[in-house]
Amino acid sequence: MQRHVVDRLLLPAIFGLTTVIAALILWQLLLGHRRTEIQAATKEQALFVRTKTESELKASILLLEQLAGRWQGRGQRNEADMQSDVALAMSGYPSYQAIEWVDPSYHVLWVTPQSRNKSERGSDLGADDSRRTALRAAQETRNVVVTHPVNMRDGGRGLLVCVPVYSQEKLDGFLVGAFQYQDLLASILQDVAPDYWLEIYDGPEEIYSRAGGTTQPRDKKWVQAVDIQFQQITWRAYAWPKPVTLAYTRSPLPQVAFVAGILLAGLLAFAVYMAETAQLRAKALVKANTNLEKEIAGREQAEDALRQAQKMEAVGRLAGGVAHDFNNLLMVIRGHAALSLRNVGVNGALRRELDEILQATDRASSFTRQLLAFSRKQVLQPRVLDLNALTTQVAGMLPPVLGDDIKLTIDLDPHLGHVKADAALLEQVIMNLVFNARDAMPDGGELSIRSFNAELSESSLANHPGAHAGPYATLAISDTGHGMSEETQSHIFEPFFTTKDRGKGTGLGLATVYGTINQSGGFISVSSKVGVGTAIKIFLPRVAEPVELTETPAVPVPTRKGDETILVVEDDDAVRRMTREFLKIGGYTVLEARSGAEAIQFVERREQPIDLVLTDVLMPGMKGRELVERLAKLRVGIKVLYMSAYTEDAAINIGVLSPGTAFIEKPFSPDDLANKVREVLSANGENISEKSFRRGI
Ligand SMILES: Nc1ncnc2c1ncn2[C@@H]1O[C@H](COP(=O)(O)OP(=O)(O)OP(=O)(O)O)[C@@H](O)[C@H]1O
Ligand SMILES: [Mg+2]
């Protein structure tokens, strides 16, 4: 979730920030541009101030020089003429405060205009240092000399322009022009844009300020300075825009750009966020889609597996049904052949033919046994066992089976849990798998047998309908053989499916493996690749109980004539009759019952003891197990031997015999039966049937 939010916000944040930065840069650029513009305009104004002031001052000074030049040529000067010349000239230059005629001893002879400057007349300019210095300098240099600021007679500060007038090398006097700074510069600078502050300095002294001394403090950021030069004087002029000018020139563009930039950043970030969200949603959708597809594929696989299981179930039912009836027929054929064999001589054609019949029925019964195994209808005798020990025992028999070209590796998990299964059938399972692996590696290869514990969840078992989640012990048999195609893999558990040559394989190997493992509550998984190899794993549910020790193999009981009474309970007349014959040969007294109910009646009626009840497991009406329960109530100590080759799915418990339960598998030979009956009758201690009854068979 956290990651999801970060994913969504990262890109919009990058875009947004980039745009904000771009807006800031643009803003700064625009501000810089505006600053340069203002500075350039101010500079222009400052330069205009210089040019204007310099040219006006030059013009004013030139006026004096022209007058002086004109008078220099004249010998005798008439004061009145001179004054009228001056008055005439001054009329064009109103900035003049006064123009005076000063004699060589620095005394003012006359002043124009007289009205304003009466007191000036006759005054001694030499009394004032700066005036005297200027006049002397003008006299010595014979040039125009302009003073630094001097106090004006009628107040204020100003400057004097001293022009020496000579006639034939003799100093006649000085033409002195007086300007008041404020008046002079105000008139000169009246054309300079009014929206700028102006200040002019002569050295440290401010000689002009546009606002008449009440100027705002100079704005350092915007001020532009220029030097104004005329004669030997240099003034410094400063110009800077008034706030109103700044405000006027301040374009809203940078702000607009900035605000627009921020808005754009927000918009862009939002757009990217939406795009990102849409993309994430699309990704999530794709993921969900993929998951859905996977789920559908999984379901299809599970459905396939279910269909396959149903198909196997149907085939199994058919095979089981056929095998059951066929088995009874075989039993009768085999039994009678065996009985006939006893009655013919040692040699002769008849004996050979009977032998042939016996061999054929043995082969046929092997088939039916396998078919019953496949259809999960074989009678199991399970016990808790150590799969590792069993595997080690089987592995001991393998080298001659595998030959030299196949390398056998065994890797058994020492912590492997126990399983509950029929040891003999499990051995057959391992052998079948090993044979298949061997047959897949005609040119040699590697065969590995590995055991390990597995904890399986419901979801991992989707392809194994009927299997339950939980702890399993697993045996994996892998080879590096030719492997199988998908097509082959989908058929391998079907009975009679084989890819081997006629006569080489029956196609019943994996069918029995399938039946045995399924009947034991486990399942099988197959993985195979053509040209690479095959791994077949059998999974059996783990049990916590300790290993049950194998019953010591029954010591072959010497066949002796029996004199006990045996009650045979069997619904199939032919089988019953034949069993009776077998027992009679053995010397036993045989009682026959067609069903469980009939057997009970017998026992109730009969005074003499019945030593053994030999009963079929599955019969119409009362089943073998129920019969044994009822008999146990009637007569304590009665011994029981079950006979069967067949059990029903629905009555799987009936097919599973407790260890130690006496049982003989059909079809059996007279000797098999004689041995088994003797074994049960001779068994001491606890009655087997009681034991089996208590545990439930
Ligand atoms: N380890 C394996 N490698 C390659 N193919 C295999 C392997 N195990 C089984 N098969 C294929 O599965 C088919 C069926 O095997 P199954 O054991 O049921 O019968 P079979 O081996 O052909 O005959 P039978 O076991 O009765 O002698 C085999 O013919 C073979 O094509
Ligand atoms: Mg096989």
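Predicted model: local features only at pLDDT ≥ 70, side-chain atom pairs only at ≥ 80, totals over all residues.
Q: Let's start with helix packing. At what angle do the axes of H10 and H12 cross, and how close do they come?
A: For a helix pair, look at the axis distance and the crossing angle first. Here H10, residues 423-440, and H12, residues 509-519, have axes that come within 9 Å and cross at roughly 145°. The crossing is left-handed.

Q: Which residues make that contact?
A: On the H10 side you'll find Leu425, Gln428, Val429, Asn432, Leu433, Phe435 and Asn436. H12 brings Gly509, Leu510, Thr512, Val513, Thr516 and Ile517. Sorted by class, that makes seven nonpolar and six polar residues, with no charged ones.

Q: Now the ligand. Which residues come nearest to ligand 1?
A: With a ligand, list the shell, then ask who sits nearest. The shell around ligand 1 holds 23 residues, and Asn436, Ala440, Thr498, Gly505 and Gly509 come nearest.

Q: How many of the shell residues are nonpolar, polar and charged?
A: Eight are nonpolar, 13 polar and two charged.

Q: What about the nonpolar core: which members touch the most others?
A: The general idea is that in soluble globular proteins, nonpolar side chains tend to be buried together. In this model the largest nonpolar core has 78 residues, and Val429, Leu433, Ile566, Leu567, Val613 and Leu641 touch the most other members. H10 gives the most to this core, seven residues.

Q: Take Leu567. Which residues is it in contact with, leaving aside its neighbours within four places in sequence?
A: Leu567 is in contact with Leu591, Ala593, Ala599, Phe602, Ile610 and Val613. Apart from this core there's another one of 53 residues, including Val176, Tyr181, Ile200 and Ile207.

Q: On to the backbone. Where are the cis peptide bonds, and what is omega there?
A: As a rule, most residues other than glycine have a negative phi, and most peptide bonds are trans. One cis bond joins Thr112 and Pro113, with omega about -5°. Pro113 is in the loop between strand E2 (108-112) and helix H3 (129-141). Another cis bond joins Lys666 and Pro667, with omega about -10°. Pro667 sits in the loop between strand E22 (663-665) and helix H17 (670-682).

Q: And positive phi: what values do Arg142 and Phe496 have?
A: Arg142 has a phi of about 55° although it isn't a glycine. You'll find Arg142 in the loop between H3 and strand E3 (145-146). For Phe496, also not a glycine, phi is about 70°. Phe496 is in the loop between helix H11 (486-489) and H12.

Q: Why do those two count as partly exposed?
A: You count C-beta neighbours: 20 or more within 10 Å means buried, 12 or fewer means exposed. Arg142 has 13 other C-beta atoms within 10 Å, so Arg142 is partly exposed. Phe496 has 15, so Phe496 is partly exposed too.

Conventions:
Residues numbered from 1 in each chain as written. Chains lettered and ligands numbered in written order. Axes fitted to C-alpha atoms, helices over the stretch in contact; angles between N-to-C directions. Helix = DSSP H or I, 4+ residues; strand = E, 2+ residues; numbered from the N terminus. Left-handed = near helix turned anticlockwise from the far one by under 90°. Contact = placed C-beta atoms within 7 Å. Nonpolar A, V, L, I, M, F, W, Y, C, P; charged D, E, K, R; others polar. Near = placed C-beta within 6 Å. Core = buried A, V, L, I, M, F, W, Y, C linked by C-beta atoms within 7 Å.
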